[in-house]
Amino acid sequence: MNAATSHITVGVQNVINEGLAAATSVNVRGTLNVNREKGKFIGSFAAYGYLKDPADKHKLIIDEYAAMVVRTIFQLKMEGYSQQAIANYLSSEGVLPPAAYKQQQGLKYQSGFQAVGDNIAWSPVAVRAILENPIYIGTLVQGKRGTPNYKIKQMKLRSKEDWCVVEKNHAP
């Protein structure tokens, strides 16, 4: 085989590999979309207050301790407490914020909301995130972000019409 033939062979092999990668990406995306539409949870970590069912990792079950904290947050909000007041109350009671709680449970969870050093406290942003998340009324919302194709790694927020929303999916 001479050098010209070698370059042609490499070029053809690259085209074949590219086609395989594209086909695999389409298949994986299709499977994820079908699972989302069926109400199967496909995230890495369940929302605070929930756990992945050990028998079925695509099903959410209630984490009783964290669910008690979530109920307290909603109760305090209904009583007129501000998000800052709720955060202060939870911190003063020694309740770990969501990221710290997940880490305490042995999960390798990382978030932009994590406190630095020994200053582990609830923030009003974390409280608002819980109050505004439809997961706490039993609605599973997935597919909010994604990449346009397998070549682009940058995640982008999708339009609301493209989100997969399954109501009455799990225990509120």
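1. Let's start with a residue on the outside: K168 is exposed, with a relative accessible area of 79%. Here, exposed means over 50% relative accessible area, buried means under 20%, and partly exposed is in between, using a 1.4 Å probe and protein chains only. K168 sits in the segment after strand 6 (164-166). Its phi is positive, about 50 degrees, although K168 is not a glycine.

2. A word on what you are looking at. This is a predicted model, in which local features need pLDDT of at least 70 and side-chain atom pairs count only at pLDDT 80 or more, while totals for chains, interfaces and linings use all residues. Residues are numbered from 1 along each chain as its sequence is written, and side-chain values use heavy atoms, with hydrogens and water left out.

3. Now the overall plan. The protein chain has five helices and six strands, in the order α-β-β-α-α-α-α-β-β-β-β along the sequence. Helices (H or I, at least four residues) and strands (E, at least two) are DSSP runs, numbered from the N terminus. Of the 172 residues, 27% count as buried. Among contacts (heavy atoms within 4.5 Å) with a separation of 6 or more, 56% join residues 24 or more positions apart.

4. Which residues have the most contacts inside the largest nonpolar core? They are Y48, I73, W122 and Y136, in a core of 24 residues. Helix 2 (64-78), helix 3 (83-92) and helix 5 (124-132) each give two or more residues to this core, and helix 2 gives the most, with five. A nonpolar core is a set of buried Ala, Val, Leu, Ile, Met, Phe, Trp, Tyr and Cys residues joined through side-chain atoms within 4.5 Å.

5. Y136 deserves a visit of its own. This residue lies in the loop between helix 5 and strand 3, and Y136 counts as buried at 12% relative accessibility. Leaving out residues up to four places away in sequence, Y136 touches A47, Y48, Y50, V70, F74, I130 and P172. Y136 and H170 are 34 residues apart in sequence, with 9.1 Å between their C-alpha atoms.

6. Next, the aromatic rings. The structure holds five aromatic pairs. One of them is Y50 with Y136, a stacked pair with 6.1 Å centre to centre and 25 degrees between the planes. This pair links distant parts of the chain, since Y50 is in strand 1 and Y136 in the loop between helix 5 and strand 3 (140-142), 86 residues apart. Both Y50 and Y136 are buried. Rings of Phe, Tyr and Trp (its six-membered ring) pair if their centres lie within 6.5 Å; planes under 30 degrees apart count as stacked, over 60 as edge-to-face and the rest as tilted. Y48, Y65, Y101 and W122 form one aromatic cluster.

7. Please also look at the second largest pocket, with a volume of about 210 Å³. Its lining has 14 residues, and A46, Y50, L51, K52 and L107 lie nearest the centre. Strand 1 (50-53) and helix 4 (98-104) each supply at least two lining residues, with the largest share, three residues, coming from strand 1. By class, the lining has eight nonpolar, three polar and three charged residues.

8. How are those pocket terms defined? On a 1 Å grid over the protein atoms alone, a cavity is a set of points where a 1.4 Å probe fits but cannot get out, and a pocket is an open set with protein on both sides within 12 Å along at least five of seven lines; lining residues have an atom within 4 Å of a point. Grid points are joined across faces, edges and corners, and the volume is the space filled by probe spheres set on the points. For the classes, Ala, Val, Leu, Ile, Met, Phe, Trp, Tyr, Cys and Pro count as nonpolar, Asp, Glu, Lys and Arg as charged, and the others, Gly among them, as polar.

9. Is K102 buried or exposed? K102 is buried, with a relative accessible area of 8%, and lies in helix 4. K102 and F45 are 57 residues apart in sequence, and their C-alpha atoms are 9.0 Å apart.

10. Finally, two partly exposed residues. Y89, in helix 3, has a relative accessible area of 35% and is in contact with T72 and L76, leaving aside neighbours within four places in sequence. N133 has a relative accessible area of 29%, and its C-alpha atom is separated by 9.2 Å from that of A47, 86 residues apart along the chain.
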